[in-house]
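Hi everyone, thanks for making time this morning. I'd like to walk you through one protein model, so please have a look at the screen.

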Amino acid sequence: MPTKTIQPDSTRKAQANNVVKSSPEAIARAVELLQQGQLVGMPTETVYGLAGHGLNPAALARIFEVKQRPLFDPLILHFADMAGAFAMARQIPTAARVLAQRFWPGPLTLVMRKLDVVPDLATGGLATVALRVPAHPVAQALLRAFDGPIAAPSANRFGRISPTSAQAVSVELGLAVPLVLDGGACEVGLESTVIFLSEHKPVLLRAGGVPVEELEALLGPIERARAVDDQPQAPGQLKHHYAPRKPLRLVQRAAEIPARADVGWLTFGKQSLEKPFSGVVENLSPKGQLREAAVNFFRLLRALDDNPRVNELYATLLPTEGLGLAINERLERAAS
Ligand code: TXA
Ligand code: MG
(Lines give C-alpha, C1' and ligand atoms only; values in the text may rest on other atoms or scores of the structure.)
(Ligands and ions follow the chains in the order given, each with its own letter.)
Protein backbone atom coordinates (compact mmCIF):
# COMPACT_ATOMS: atom_id res chain seq x y z
CA MET A 1 0.00 0.00 0.00
CA PRO A 2 1.41 3.45 -0.81
CA THR A 3 2.42 5.42 2.25
CA LYS A 4 1.82 9.13 2.26
CA THR A 5 3.46 11.22 4.94
CA ILE A 6 1.13 13.51 6.81
CA GLN A 7 2.53 17.00 6.55
CA PRO A 8 2.87 19.62 9.26
CA ASP A 9 -0.14 21.85 9.82
CA SER A 10 0.96 25.02 8.07
CA THR A 11 1.53 23.33 4.70
CA ARG A 12 -1.63 21.27 4.97
CA LYS A 13 -3.71 24.39 5.60
CA ALA A 14 -2.28 26.13 2.57
CA GLN A 15 -2.77 23.19 0.17
CA ALA A 16 -6.07 21.62 0.94
CA ASN A 17 -8.79 22.57 -1.54
CA ASN A 18 -10.58 19.25 -1.49
CA VAL A 19 -13.90 20.45 -0.03
CA VAL A 20 -16.84 20.05 -2.41
CA LYS A 21 -20.42 21.02 -1.69
CA SER A 22 -22.53 17.88 -1.79
CA SER A 23 -24.39 17.27 -5.07
CA PRO A 24 -25.40 14.14 -7.04
CA GLU A 25 -22.13 14.48 -9.04
CA ALA A 26 -20.05 14.83 -5.86
CA ILE A 27 -21.76 11.75 -4.36
CA ALA A 28 -21.05 9.76 -7.55
CA ARG A 29 -17.38 10.83 -7.39
CA ALA A 30 -17.25 9.83 -3.70
CA VAL A 31 -18.66 6.39 -4.51
CA GLU A 32 -16.03 5.95 -7.23
CA LEU A 33 -13.24 6.87 -4.79
CA LEU A 34 -14.61 4.51 -2.11
CA GLN A 35 -14.77 1.67 -4.62
CA GLN A 36 -11.11 2.32 -5.48
CA GLY A 37 -10.21 1.98 -1.80
CA GLN A 38 -9.66 5.71 -1.30
CA LEU A 39 -11.02 7.80 1.58
CA VAL A 40 -13.65 10.51 1.59
CA GLY A 41 -14.72 13.08 4.19
CA MET A 42 -18.38 12.38 5.00
CA PRO A 43 -20.74 14.65 6.93
CA THR A 44 -22.93 13.03 9.56
CA GLU A 45 -25.28 14.66 12.05
CA THR A 46 -22.75 14.01 14.85
CA VAL A 47 -19.29 14.85 13.48
CA TYR A 48 -17.56 14.46 10.10
CA GLY A 49 -16.29 10.96 9.37
CA LEU A 50 -13.24 9.70 7.48
CA ALA A 51 -15.08 7.24 5.24
CA GLY A 52 -13.66 4.13 3.60
CA HIS A 53 -14.94 0.88 2.08
CA GLY A 54 -16.02 -1.12 5.13
CA LEU A 55 -15.18 -4.54 3.69
CA ASN A 56 -11.90 -3.63 1.93
CA PRO A 57 -8.92 -4.28 4.24
CA ALA A 58 -6.64 -1.95 2.23
CA ALA A 59 -9.10 0.92 2.65
CA LEU A 60 -9.45 0.15 6.36
CA ALA A 61 -5.66 0.13 6.73
CA ARG A 62 -5.52 3.52 5.01
CA ILE A 63 -8.00 4.92 7.58
CA PHE A 64 -5.70 3.87 10.43
CA GLU A 65 -2.70 5.27 8.58
CA VAL A 66 -4.25 8.68 7.83
CA LYS A 67 -5.66 9.03 11.35
CA GLN A 68 -2.46 7.67 12.94
CA ARG A 69 -4.78 5.54 15.01
CA PRO A 70 -3.66 2.39 16.85
CA LEU A 71 -4.97 -0.79 15.23
CA PHE A 72 -6.58 -2.02 18.43
CA ASP A 73 -9.12 0.85 18.36
CA PRO A 74 -11.98 -0.48 16.21
CA LEU A 75 -14.09 1.43 13.67
CA ILE A 76 -17.82 1.98 13.32
CA LEU A 77 -19.53 0.57 10.21
CA HIS A 78 -22.24 2.82 8.76
CA PHE A 79 -25.34 1.69 6.85
CA ALA A 80 -28.30 3.29 5.11
CA ASP A 81 -30.80 1.30 7.18
CA MET A 82 -31.36 -1.19 9.96
CA ALA A 83 -31.58 -4.21 7.66
CA GLY A 84 -28.13 -3.48 6.25
CA ALA A 85 -26.63 -2.95 9.69
CA PHE A 86 -28.14 -6.05 11.29
CA ALA A 87 -26.95 -8.18 8.36
CA MET A 88 -23.44 -7.89 9.93
CA ALA A 89 -24.52 -9.19 13.36
CA ARG A 90 -24.33 -12.82 14.52
CA GLN A 91 -27.25 -12.37 16.89
CA ILE A 92 -29.61 -9.48 17.34
CA PRO A 93 -30.55 -9.05 20.99
CA THR A 94 -34.06 -7.74 21.64
CA ALA A 95 -32.59 -4.57 23.16
CA ALA A 96 -30.81 -3.88 19.86
CA ARG A 97 -34.08 -3.98 17.93
CA VAL A 98 -35.79 -1.78 20.48
CA LEU A 99 -33.05 0.87 20.34
CA ALA A 100 -32.63 0.71 16.57
CA GLN A 101 -36.34 1.19 16.00
CA ARG A 102 -36.41 4.19 18.32
CA PHE A 103 -33.11 5.94 17.47
CA TRP A 104 -32.06 4.96 13.92
CA PRO A 105 -31.33 6.80 11.78
CA GLY A 106 -29.57 8.89 14.43
CA PRO A 107 -26.61 9.39 16.77
CA LEU A 108 -26.52 5.91 18.31
CA THR A 109 -24.01 3.09 17.70
CA LEU A 110 -24.80 -0.50 18.66
CA VAL A 111 -21.94 -2.93 19.40
CA MET A 112 -22.91 -6.56 18.80
CA ARG A 113 -21.32 -9.92 18.02
CA LYS A 114 -20.18 -9.92 14.39
CA LEU A 115 -20.34 -12.25 11.42
CA ASP A 116 -17.14 -13.41 9.70
CA VAL A 117 -17.65 -11.13 6.68
CA VAL A 118 -16.61 -8.17 8.84
CA PRO A 119 -12.83 -7.74 8.40
CA ASP A 120 -10.67 -7.99 11.54
CA LEU A 121 -9.19 -4.59 10.74
CA ALA A 122 -12.62 -3.00 11.23
CA THR A 123 -13.00 -4.46 14.70
CA GLY A 124 -9.46 -4.55 16.02
CA GLY A 125 -9.74 -8.34 16.05
CA LEU A 126 -12.69 -8.26 18.45
CA ALA A 127 -15.63 -10.65 18.11
CA THR A 128 -17.96 -7.63 18.08
CA VAL A 129 -18.69 -4.89 15.55
CA ALA A 130 -19.99 -1.32 15.99
CA LEU A 131 -22.99 -0.52 13.76
CA ARG A 132 -24.61 2.82 13.05
CA VAL A 133 -27.27 4.28 10.74
CA PRO A 134 -26.60 8.02 10.43
CA ALA A 135 -29.43 10.49 9.79
CA HIS A 136 -27.57 13.17 7.82
CA PRO A 137 -29.07 13.39 4.29
CA VAL A 138 -25.62 13.46 2.64
CA ALA A 139 -24.46 10.40 4.60
CA GLN A 140 -27.73 8.69 3.68
CA ALA A 141 -27.30 9.56 -0.01
CA LEU A 142 -23.70 8.30 -0.01
CA LEU A 143 -24.61 5.07 1.79
CA ARG A 144 -27.48 4.35 -0.60
CA ALA A 145 -25.36 5.07 -3.67
CA PHE A 146 -22.40 3.03 -2.35
CA ASP A 147 -24.69 0.17 -1.32
CA GLY A 148 -22.44 -1.39 1.33
CA PRO A 149 -20.92 -0.72 4.73
CA ILE A 150 -18.83 2.44 5.08
CA ALA A 151 -16.28 2.49 7.91
CA ALA A 152 -15.94 5.98 9.34
CA PRO A 153 -14.15 7.16 12.45
CA SER A 154 -14.27 10.85 13.26
CA ALA A 155 -12.11 12.64 10.67
CA ASN A 156 -9.41 13.86 13.06
CA ARG A 157 -5.95 12.53 13.77
CA PHE A 158 -6.00 10.09 16.69
CA GLY A 159 -6.63 11.68 20.07
CA ARG A 160 -7.42 15.11 18.65
CA ILE A 161 -10.53 17.31 18.47
CA SER A 162 -13.32 15.94 16.25
CA PRO A 163 -14.31 18.02 13.18
CA THR A 164 -17.83 19.42 12.89
CA SER A 165 -17.39 21.16 9.53
CA ALA A 166 -15.94 20.17 6.14
CA GLN A 167 -13.28 22.89 6.48
CA ALA A 168 -12.13 21.45 9.80
CA VAL A 169 -11.66 18.05 8.11
CA SER A 170 -9.65 19.62 5.34
CA VAL A 171 -7.40 21.50 7.76
CA GLU A 172 -6.99 18.44 9.99
CA LEU A 173 -6.22 15.81 7.31
CA GLY A 174 -5.29 17.86 4.24
CA LEU A 175 -4.65 16.09 0.96
CA ALA A 176 -4.56 12.63 2.54
CA VAL A 177 -8.30 12.78 1.75
CA PRO A 178 -8.96 13.52 -1.94
CA LEU A 179 -12.57 14.65 -1.40
CA VAL A 180 -14.48 16.10 1.55
CA LEU A 181 -18.25 16.27 0.96
CA ASP A 182 -19.53 19.49 2.47
CA GLY A 183 -22.87 18.92 4.15
CA GLY A 184 -22.79 22.00 6.38
CA ALA A 185 -22.23 22.23 10.12
CA CYS A 186 -23.12 19.12 12.15
CA GLU A 187 -26.50 19.36 13.88
CA VAL A 188 -25.63 17.27 16.93
CA GLY A 189 -21.95 18.15 17.33
CA LEU A 190 -20.94 15.22 19.58
CA GLU A 191 -20.16 11.70 18.39
CA SER A 192 -22.75 8.97 18.64
CA THR A 193 -23.55 7.26 21.91
CA VAL A 194 -21.94 3.79 21.85
CA ILE A 195 -23.64 0.91 23.68
CA PHE A 196 -22.65 -2.76 23.88
CA LEU A 197 -25.56 -5.18 23.64
CA SER A 198 -25.58 -8.92 24.24
CA GLU A 199 -27.88 -11.39 25.93
CA HIS A 200 -26.64 -9.91 29.20
CA LYS A 201 -26.68 -6.38 30.62
CA PRO A 202 -26.14 -3.48 28.20
CA VAL A 203 -22.96 -1.44 28.80
CA LEU A 204 -22.48 2.21 27.84
CA LEU A 205 -19.10 2.51 26.10
CA ARG A 206 -19.29 6.20 25.17
CA ALA A 207 -21.73 8.94 26.14
CA GLY A 208 -22.79 10.89 23.06
CA GLY A 209 -25.54 12.39 20.94
CA VAL A 210 -28.38 10.33 22.44
CA PRO A 211 -28.53 11.15 26.18
CA VAL A 212 -28.11 7.97 28.25
CA GLU A 213 -31.30 8.83 30.16
CA GLU A 214 -33.24 8.28 26.91
CA LEU A 215 -31.72 4.81 26.54
CA GLU A 216 -32.42 3.98 30.17
CA ALA A 217 -36.06 4.98 29.70
CA LEU A 218 -36.32 2.00 27.34
CA LEU A 219 -33.85 -0.50 28.84
CA GLY A 220 -33.67 0.32 32.53
CA PRO A 221 -30.37 1.19 34.31
CA ILE A 222 -27.29 0.92 32.04
CA GLU A 223 -23.84 0.08 33.37
CA ARG A 224 -20.98 2.47 32.41
CA ALA A 225 -17.62 1.19 31.17
CA ARG A 226 -14.73 2.82 33.02
CA ALA A 227 -11.97 4.88 31.36
CA VAL A 228 -8.54 3.25 31.18
CA ASP A 229 -4.98 4.37 30.53
CA ASP A 230 -3.66 2.16 27.77
CA GLN A 231 -5.00 -0.71 25.70
CA PRO A 232 -8.67 -0.90 26.63
CA GLN A 233 -10.78 -4.03 27.00
CA ALA A 234 -13.68 -2.00 25.75
CA PRO A 235 -11.96 0.30 23.25
CA GLY A 236 -13.10 3.88 23.09
CA GLN A 237 -12.52 4.21 26.82
CA LEU A 238 -9.04 5.71 26.49
CA LYS A 239 -8.69 8.48 29.05
CA HIS A 240 -6.69 10.77 26.80
CA HIS A 241 -8.67 11.95 23.79
CA TYR A 242 -10.09 15.04 22.08
CA ALA A 243 -6.85 16.78 23.04
CA PRO A 244 -6.15 20.42 22.21
CA ARG A 245 -2.49 21.34 21.64
CA LYS A 246 -2.50 23.79 24.55
CA PRO A 247 -2.89 22.74 28.19
CA LEU A 248 -6.53 22.55 29.29
CA ARG A 249 -7.68 22.78 32.90
CA LEU A 250 -11.19 22.10 34.20
CA VAL A 251 -12.74 24.11 37.01
CA GLN A 252 -16.06 24.00 38.81
CA ARG A 253 -16.41 27.76 39.18
CA ALA A 254 -15.39 30.79 37.11
CA ALA A 255 -13.66 32.32 40.18
CA GLU A 256 -10.92 29.66 39.88
CA ILE A 257 -9.74 30.94 36.49
CA PRO A 258 -6.66 33.23 36.54
CA ALA A 259 -7.31 36.75 35.25
CA ARG A 260 -4.63 36.80 32.53
CA ALA A 261 -4.91 38.07 28.96
CA ASP A 262 -3.47 34.83 27.53
CA VAL A 263 -6.10 32.59 29.12
CA GLY A 264 -8.86 31.13 26.93
CA TRP A 265 -12.07 30.27 28.74
CA LEU A 266 -14.65 27.84 27.38
CA THR A 267 -17.80 28.77 29.26
CA PHE A 268 -21.53 28.01 29.30
CA GLY A 269 -24.62 30.01 30.19
CA LYS A 270 -24.41 33.22 32.17
CA GLN A 271 -21.14 32.50 34.00
CA SER A 272 -19.18 34.76 31.69
CA LEU A 273 -21.16 37.78 32.83
CA GLU A 274 -20.33 37.38 36.49
CA LYS A 275 -16.91 39.03 36.41
CA PRO A 276 -14.73 41.09 34.07
CA PHE A 277 -12.25 38.87 32.25
CA SER A 278 -9.22 40.02 30.29
CA GLY A 279 -8.67 36.72 28.42
CA VAL A 280 -10.53 35.24 25.47
CA VAL A 281 -14.02 33.86 26.14
CA GLU A 282 -15.94 31.38 23.99
CA ASN A 283 -19.44 30.61 25.22
CA LEU A 284 -20.90 27.17 24.31
CA SER A 285 -24.43 28.49 24.81
CA PRO A 286 -25.10 31.95 26.30
CA LYS A 287 -28.73 30.82 26.79
CA GLY A 288 -27.55 27.81 28.78
CA GLN A 289 -28.97 25.19 26.37
CA LEU A 290 -27.17 21.84 26.34
CA ARG A 291 -28.17 21.03 22.75
CA GLU A 292 -26.65 24.27 21.53
CA ALA A 293 -23.54 23.64 23.65
CA ALA A 294 -23.10 20.22 22.03
CA VAL A 295 -23.32 21.71 18.54
CA ASN A 296 -20.67 24.34 19.38
CA PHE A 297 -18.38 22.22 21.56
CA PHE A 298 -15.65 20.96 19.21
CA ARG A 299 -15.71 24.11 17.07
CA LEU A 300 -15.14 26.45 20.02
CA LEU A 301 -12.56 24.19 21.69
CA ARG A 302 -10.68 24.26 18.39
CA ALA A 303 -11.13 28.04 18.06
CA LEU A 304 -9.50 28.65 21.44
CA ASP A 305 -6.75 26.15 20.68
CA ASP A 306 -6.02 27.93 17.38
CA ASN A 307 -6.23 31.47 18.81
CA PRO A 308 -2.69 32.94 18.84
CA ARG A 309 -3.53 35.16 21.85
CA VAL A 310 -4.23 32.12 24.01
CA ASN A 311 -1.57 30.05 25.80
CA GLU A 312 -3.66 28.15 28.31
CA LEU A 313 -7.23 26.87 28.20
CA TYR A 314 -9.77 26.69 31.01
CA ALA A 315 -13.22 25.19 30.90
CA THR A 316 -16.03 25.25 33.41
CA LEU A 317 -17.89 21.94 33.69
CA LEU A 318 -21.50 21.76 32.48
CA PRO A 319 -24.60 20.56 34.33
CA THR A 320 -24.32 16.78 34.79
CA GLU A 321 -27.45 15.71 32.92
CA GLY A 322 -28.39 14.83 29.35
CA LEU A 323 -25.84 16.04 26.79
CA GLY A 324 -23.99 17.82 29.63
CA LEU A 325 -22.68 14.41 30.74
CA ALA A 326 -21.40 13.66 27.24
CA ILE A 327 -19.71 17.08 26.97
CA ASN A 328 -18.12 16.79 30.44
CA GLU A 329 -16.79 13.34 29.55
CA ARG A 330 -15.08 14.84 26.50
CA LEU A 331 -13.74 17.77 28.54
CA GLU A 332 -12.29 15.39 31.11
CA ARG A 333 -10.51 13.35 28.46
CA ALA A 334 -9.33 16.48 26.65
CA ALA A 335 -7.81 17.75 29.92
CA SER A 336 -6.18 14.51 31.05
O1 TXA B 1 -20.70 9.81 15.67
C2 TXA B 1 -19.87 8.94 15.44
O3 TXA B 1 -19.91 7.83 15.99
C4 TXA B 1 -18.77 9.26 14.42
C5 TXA B 1 -19.41 9.47 13.06
C6 TXA B 1 -18.40 9.72 11.98
O7 TXA B 1 -20.23 8.38 12.77
N8 TXA B 1 -17.77 8.25 14.41
C9 TXA B 1 -16.92 8.07 15.45
O10 TXA B 1 -15.98 7.06 15.24
O11 TXA B 1 -16.94 8.73 16.46
P12 TXA B 1 -14.70 6.88 16.15
O13 TXA B 1 -13.92 5.82 15.46
O14 TXA B 1 -14.03 8.18 16.35
O15 TXA B 1 -15.23 6.31 17.48
C16 TXA B 1 -15.76 5.00 17.52
C17 TXA B 1 -15.76 4.50 18.93
C18 TXA B 1 -14.36 4.31 19.40
O19 TXA B 1 -14.27 4.81 20.70
C20 TXA B 1 -14.20 2.79 19.37
O21 TXA B 1 -13.26 2.34 20.29
C22 TXA B 1 -15.61 2.33 19.67
O23 TXA B 1 -16.43 3.25 19.00
N24 TXA B 1 -15.83 0.99 19.14
C25 TXA B 1 -15.88 0.62 17.84
N26 TXA B 1 -16.05 -0.71 17.71
C27 TXA B 1 -16.12 -1.21 18.95
C28 TXA B 1 -16.27 -2.53 19.50
N29 TXA B 1 -16.40 -3.60 18.72
N30 TXA B 1 -16.28 -2.66 20.85
C31 TXA B 1 -16.15 -1.58 21.64
N32 TXA B 1 -16.00 -0.31 21.18
C33 TXA B 1 -15.98 -0.13 19.87
MG1 MG C 1 -13.09 9.80 17.30
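One definition before we start: when I call a residue buried, I mean that its relative accessible area is under 20%. Please also keep in mind that this is a predicted model.

With that cut-off in hand, let's begin with helix α8. The buried residues there are A166, A168, V169, S170, E172 and L173. That is six of the eight residues in α8, so the helix is mostly covered, given that buried means under 20% relative accessible area. What does α8 lie across? The answer is β1, β3 and β8, and the helix runs at about 165° to β8.

Helix α2, residues 24–35, lies across β1, β2, β3, β7 and β8. Its direction is at about 145° to β8, which covers residues 179–182.

Now to the sheet that those strands belong to. It is an open sheet of eleven strands with mixed pairing, and the order is β1-β8-β2-β3-β7-β4-β6-β5-β9-β10-β11. At its edges we find β1 (19–21) and β11 (223–224), each of which pairs on one side only. To pick out one pairing, β2 (residues 40–42) and β3 (residues 49–53) are antiparallel and share three bridges. Within that pair, G41 is opposite L50 of β3.

Let's move on to the other sheet I want to show you. Four strands make up this open sheet, in the order β12-β15-β13-β14, and their pairing is parallel. The edges are β12 (248–251) and β14 (280–283); each has a single partner strand, so one side of each has no neighbour in the sheet. On average, neighbouring strands here are turned by 20° against each other, ignoring direction. Strand β13, residues 263–267, is joined to β14 by four bridges, and the two run parallel. T267, for instance, has N283 in β14 as its bridge partner.

Which helices go with this sheet? Helix α10, residues 290–306, packs on it and touches β13, β14 and β15 (312–316). The direction of α10 makes about 170° with that of β13. Helix α11, residues 323–335, lies across β12, β13 and β15 and runs at about 135° to β12.

The largest nonpolar core has 71 residues, and the ones with the most contacts inside it are W104, L108, L110, L131, L266, F297 and L331. The biggest contribution comes from α10, with eight residues.

Setting aside its neighbours within four places in sequence, L331 is in contact with L248, L250, L266, F297, A315, T316, L317 and L318.

Which peptide bond is cis? The one from W104 to P105, with omega near -5°. P105 is in the loop between α5 (94–103) and β5 (108–113).

Q68 has a phi of about 55°, and it lies in the loop between α3 (57–67) and β4 (76–78). Its relative accessibility is 49%, so Q68 counts as partly exposed. D147 has a phi of about 60° and is found in the loop between α7 (137–146) and β7 (150–151). Is D147 buried or exposed? It is exposed, because its relative accessible area is 68%.

Let me finish with the chain as a whole. There are eleven helices and 15 strands. Of the 336 residues, 55% are buried. Among contacts with a separation of 6 or more, 67% are between residues 24 or more positions apart. The accessible surface is about 14200 Å², and carbon and sulfur atoms account for 54% of it.

That's my tour, and I'm happy to take questions.

Definitions and conventions:
Residues are numbered from 1 along each chain as its sequence is written. Chains are lettered from A and ligands numbered from 1 in the order in which they are written. This is a predicted model: local features need pLDDT of at least 70, side-chain atom pairs count only at pLDDT 80 or more; totals for chains, interfaces and linings use all residues. Side-chain values use heavy atoms; hydrogens and water are left out. Buried means under 20% relative accessible area, exposed over 50%, partly exposed in between (1.4 Å probe, protein chains only). Two strands pair if DSSP finds at least two bridges between them. Axes are lines fitted to C-alpha atoms, for helices over the stretch in contact, and angles run from 0 to 180 degrees between N-to-C directions. Contact means heavy atoms within 4.5 Å. Accessible areas come from the Shrake-Rupley method with a 1.4 Å probe; for residues, only the protein chains shown count as cover. A nonpolar core is a set of buried Ala, Val, Leu, Ile, Met, Phe, Trp, Tyr and Cys residues joined through side-chain atoms within 4.5 Å.
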